[in-house]
Amino acid sequence: MPDLNEVNVRHLLRRTEVVDRPQRVAALLALPSLDAAVDDVMNVVPDPPTAMLDGPEGSEEWRRGIRLTDHWLGRMATAPRPFAERMAFFWHGHLATSIGKVGSADLMRDQIDLFRRRGLGAAGSSATVTDLVSEASLQLALLRYLDNHKNFASSPNQNFARELMELFLLGVGNYTEADVEASTAAWTGHTNVPTDRNAYFFDEPAHEPSPQQFLGRTINATRPPEQAGIETIEVILGTGPLGSGTVPLAAERNGGRASNAVAAEFLTFKLWQEFGEAATGSVPVGVGSAMTGALLGSGFQIRPWVRAMLLHDDFYSATARTGLVRQPVEFMVALLVATGLDTRMENIPNWLLASVGQQPLYPPNVSGWRPNGYWVNAGSMSTRQGLVEHVIQKLRDASWYGADPHLRFGPGGSQVITRADVQGLPSGALVDRFAALTGVQPTAGALAGILEHLGDATVEPTMRVDALSLLLSAPSMHIA
Amino acid sequence: MLDPDISTADALRHLSAPPSNDPFALDRRRFLQMVGLGLGAGMVAAPGASILDLALPGQDPSAWAAPIGPADGILVVVGMYGGNDGLNTVVPINDGHYQDQHGGLAVPAGDTLPLDGNTGLHPELTEFKSFWDAGQLAIIEGVGHLREDFSHFASMAKWMSGRPTGLPDSGWLGRWTDGYLNGAKDLFAAVEIGNSVPLHVIGQRSIATTVAPSRPDFGVPRSWRSDADLSQYRAVRAMAGGTPAGSWEQRIGAAQVDMLDVAASLNPVIPADGGLSGTEIVAKLQVAARLINANLGIRLVTAGFGDFDSHAGQPFQHGARMRELNAGVGEFFRNLDPRWVGRVTLMTFSEFGRTSFSNDGLGTDHGSSAPQFVIGPTVRGGFHGQRPSLAGLERWQRMPSHVDFRDYYASMIDGWMGGGSEQVLGIGRRDLGLFSSGPTAEITFPPTSIRGEFVGIAPERLYDTRDGKGGRTARIGPGETVRIKIAGAGSVPSDGVAAVAVNLTSIRPVEETFITAFPSGQSRPGSSTVNPRAGVVVPNTSIVGVGSDGSISIYNDRSDVHLTADVLGYFARSGGPSTGALGRMLPLSPARILDTREGVGAAASTVAGGQALRLVVLGRGGVPAGGVDSVVVNLLSIRPTTDGWVTAWPTGAPEPATASLSYRAGRVIPNLTVCKVGADGTIQVRPSHGTVHLVADVVGCFTASGARLAPVAPARLLDTRSGVGAEAARVGAGREIVLRVTGNGVPTEATAVALNVTAVRPSELTYLTVYPDGEARPTASSLNPDPGAVSANLVIAKVGDGGRIRIFNADGDLHLLADLTAYFV
């Protein structure tokens, strides 16, 4: 059991709640053990509020999608325990779906809400990967994104059935083309009502009736036809009456192994890359076996799996603590919290998120976003700098030049000072003050750099802005 | 004319900002190293690993970019996202089925730009029309994938991957880059102008570098607080230096330092927001041209725009897209340095065409095949592929595809990019034969064979669109290119003419435009020769290389305009030793030999219309006392009482019906002219109307012992709007630009250059003096631009110390351009 200490608690919070907000750090440190701290982080509300999509400025789907995004990012920044929102963002990147193709903010909300409510599950929840993927697979967002709404017995479309195995559950090389064809047949008929493209409909006459051989099991034979698709998920994960399938010997990898073991490793790798580290390209044996064991031992329940990761020593290793770069959405949320703009999302235009390359609801393709190195280059840093400058501009607009003499920082703008409080401060004291206000602690290297800029004397107003800008863009700010 | 070391020279020229403005000036290698730490092409990953997760520290980036080879082509790929309506792009004007099925959306035949009897281009595609007229536009009809798919997503995946089926794992251009680099590291082999990397430039081992279509500025002093900016950048560097070795923090810090360096380096190459178009694709292609000019080793540039998905409201939407495409392509080639024109081909693609039947909403739905465009210097202009028939189509039937999109790609790879289609696209692809040859490294005349000796003639009018002289009686339209036959016309012999000295006069266009004169058969350069202004007559003399068909081409950009062309002499090809003819240029520092205000060369009084002034030229202003065939004189008309023109001709010859200079009441107008000297060593100068002061500055003469002319395709040496050749800033009063004119293809032995100097919207009336570096600035003027207007004048400039000339601006501030058209050697 890893120790309950400030380093570990901050790390736990940054990974699960995006930001190590000071009051959360204090609250967890007051608990008796790290085990209790993990329980606290996972003690999310069972039914988080959904987004209101309608508003005064228009009802185009993309505009309603922006409201959904704003709501979601706002929840990540302000929810008392935002881990469910962060976990939903993981599932959004894993079961990637773009509103650009789905064309409906309502369908996207249905899917994101599913991820938010069932992607982690509140305390006591026995939500499973099987349930989550099955429910998402019967929602039109995913069906349409992967063309299954046009998958009919008379004209099969393999897109969804293929990605379900390749990208969602098993990984490439762990099935044969025959399995793709069998699964495609099992998924025929899941489409929309002919007269309402946003209403799900199982078109039984369009369903392929013949039994299929899938990962060594006979499917589409005994269950009602609308459950044949779900049957493929159950076979892959070994959670249904047919038990686990077997990766065919004709497949490129893992031939002869149980498909649920392969799936457990595949999913564990994805979760570890999102929350553990993406620097080594592998999962440490210890935490890997703990996580796959949790999945296989619980029928692919999500909570034990996540808990196994968050309580393992490997999660708190130096490699893990330094091994993830904040994705743009995480960086944005961290900026919002530091500057008290978390409750004023309307100040953040959506195109800024697009410019930094990660706009929720618009994953680049079905394989979602990539970690770490993808975000570390001159162009990406340049657009992140634009984000920092935009946020500071908003802060200045609101406080520096406004009628309100107060400056607000931190979660919900809870840290309130007046301009006089930072006027005339020597540089060292000023940086300390900003660090306390924003909750962003500079590393020794960053502090030295900022002080080099500020010099020793009293800091001029514009230089105070620079100090804040440097603090918020320091290299450590970009580490998850 | 490509200098052996052009790459480095160009890169430095384009990448170096003035010292005052660039605290982090880098040499090219350092620059590439810095940019290299970004999303660089050429990072090589082990199978199964993401190339994007590569650890970068420890790699030697010095080999990460290489200049392109002398015969390497550059391909620019323009994506039209959303599905372009091919029928309304290349319009089958006589096809009744088209009218019937497209209904109200059909473009009326009379509105199109006619290509042949059955085809017209969308009316917005004027730039495409001029490439068509120049034989440089190929239209490939009926391109699509043979297994139809009407999903944007799936169809774009096919087009971008270059694979007709299966999950796309890589893009066709990315796989080409894989093969081109063959494991080598090169950051700038492929560039996407945009904010993210599209599939088609993601290879299995390489990925394109992204360059945003905006000027990076976090890294250069940005404001009134430039000292504080510099200090802030130092702080960013210091923070990066304080990160733990080998950590992601360190990589982030390094990327932030790169951000500063890239901004400092690309900042002078990419214009500020005001200098880039507000239209997405236009701005992207402006940036694309500048990056190619900077010679970073680019082989591929991609850029895309939309939305072409015109399910409803198509006439407005599609018209806007066509206008944007046209402007983007035009701006691209205008921004492209002429020395690169022979190396660059542009192609289009779109995920599909649209249905031939319009839908109920004045739109069209996802279709199948469509025509695509290829523009380039060695393209076989004309129609390729096969136009799909609309006969017998039912409501939901799509047009057939006759050309597999992979054959289109293979034709580009094998015809232009040096081959490799089999590795990229698999076997069995068909080459459509779109190119007559690969890229042309030499885009102008080989200098040894064309150095010309001048033969002065009494001025003759060869071309006048008002009376049909030269074969045309209509104004030249927007985007139109006309040819003027030089060889064999008038007194010009039909053989052996290398270049012509010609006075081009534009007459009363409706709005401001510009005219470019260039050798026929060559790509139109991004330079200007005459800047016509609304409602007035604007002349300019030019020395233009004569194309292989004996003609020069005249391109008019915008408004309908009448044009006259008066030939003043020609340059006869002569490769050997002196023929003894008086045809060699003796450049002179400008010297004033006539000023009727001061009594120089004539009485101190205005000259009346119809009054011929006899001007002694021999033995004055550096002109030898004998053995002179012609003089090169910049004539200046000062505040005449009315509009008119000046005619200059050799004393003893009959007065010709030509104009050496057209003047306007109350204005100061210059024009360079070349005038044969009469037997008595004088020339005649006569204004036509009113009274006027006249000034003449002699800048050179033709003798037996001077230099011969080498015409080049016009090349822009100076553009202060974008930082070419000088700082990107307006030139202030009393300021001088020092411009190196040798190098970049002009040999150091060159004694003079012919430059077309353009003044862009001076803040007040001013004059410019062009003179050799190292000499005292003479009392002479080369150009007298009006405030707020764009004006140009040919300048024959003697080359000074170190191959440099100076351009002095007297008053106000303005932007300056200089286009090289020839040199004397």
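**View 1. Helix 8 of chain A is mostly covered**. Of the 9 residues in helix 8 (residues 129–137) of chain A, 7 are buried. This is a predicted model. The buried residues of helix 8 of chain A are A:Val129, A:Thr130, A:Asp131, A:Leu132, A:Val133, A:Ala136 and A:Ser137. They pack against several other helices of chain A: helix 7 (105–118), helix 9 (140–145), helix 10 (159–169), helix 12 (228–237), helix 13 (259–276) and helix 15 (302–310).

**View 2. A:Leu169 and its contacts in chain A**. With neighbours within four places in sequence left aside, A:Leu169 is in contact with A:Val133, A:Leu164, A:Ile236, A:Leu237, A:Ala263 and A:Phe266.

**View 3. The largest nonpolar core has 157 residues**. The members that touch the most other members are A:Leu169, A:Met309, A:Val333, A:Leu335, A:Ala467 and A:Leu471. Helix 17 (residues 328–339) of chain A gives the most to this core, with 9 residues. Another core, of 119 residues, lies apart from it and includes B:Leu462, B:Val544, B:Val561 and B:Val760.

**View 4. Helix 5 of chain A crosses helix 7 of chain A**. The axes of helix 5 (residues 83–94) of chain A and helix 7 of chain A come within 8 Å and cross at roughly 125°. Helix 5 of chain A is therefore oblique to helix 7 of chain A. Their crossing is right-handed. On the side of helix 5 of chain A, the residues that meet helix 7 of chain A are A:Ala84, A:Glu85, A:Ala88, A:Trp91 and A:His92. Their counterparts in helix 7 of chain A are A:Ile112, A:Phe115 and A:Arg116.

**View 5. An open sheet of 3 strands in chain B**. The strand order is 2-4-3, and the pairing is antiparallel. Strand 2 (90–92) and strand 3 (113–116) of chain B are the edge strands, each pairing on one side only. Neighbouring strands of this sheet are turned by 35° against each other on average, direction ignored. Strand 3 of chain B pairs with strand 4 (residues 119–121) of chain B over 3 bridges, in the antiparallel sense. B:Pro114 has B:Gly120, in strand 4 of chain B, as its bridge partner.

**View 6. Chain B as a whole, with 14 helices and 35 strands**. Chain B has 825 residues, of which 60% count as buried. Among its contacts with a separation of 6 or more, 78% are between residues 24 or more positions apart.

Technical notes: Residues are numbered from 1 along each chain as its sequence is written. Chains are lettered from A and ligands numbered from 1 in the order in which they are written. This is a predicted model: local features need pLDDT of at least 70, side-chain atom pairs count only at pLDDT 80 or more; totals for chains, interfaces and linings use all residues. Helices (H or I, at least four residues) and strands (E, at least two) are DSSP runs, numbered from the N terminus. A residue is buried if 20 or more other C-beta atoms lie within 10 Å of its own, exposed if 12 or fewer, and partly exposed in between; C-beta atoms are placed from the backbone. Two residues are in contact if their C-beta atoms, placed from the backbone, lie within 7 Å. A nonpolar core is a set of buried Ala, Val, Leu, Ile, Met, Phe, Trp, Tyr and Cys residues joined through C-beta atoms within 7 Å. Two strands pair if DSSP finds at least two bridges between them. Axes are lines fitted to C-alpha atoms, for helices over the stretch in contact, and angles run from 0 to 180 degrees between N-to-C directions. Angles under 35 degrees count as roughly parallel, over 145 as roughly antiparallel, 65 to 115 as roughly perpendicular and the rest as oblique. A crossing is left-handed if the near helix is turned anticlockwise from the far one by less than a right angle, and right-handed if clockwise.
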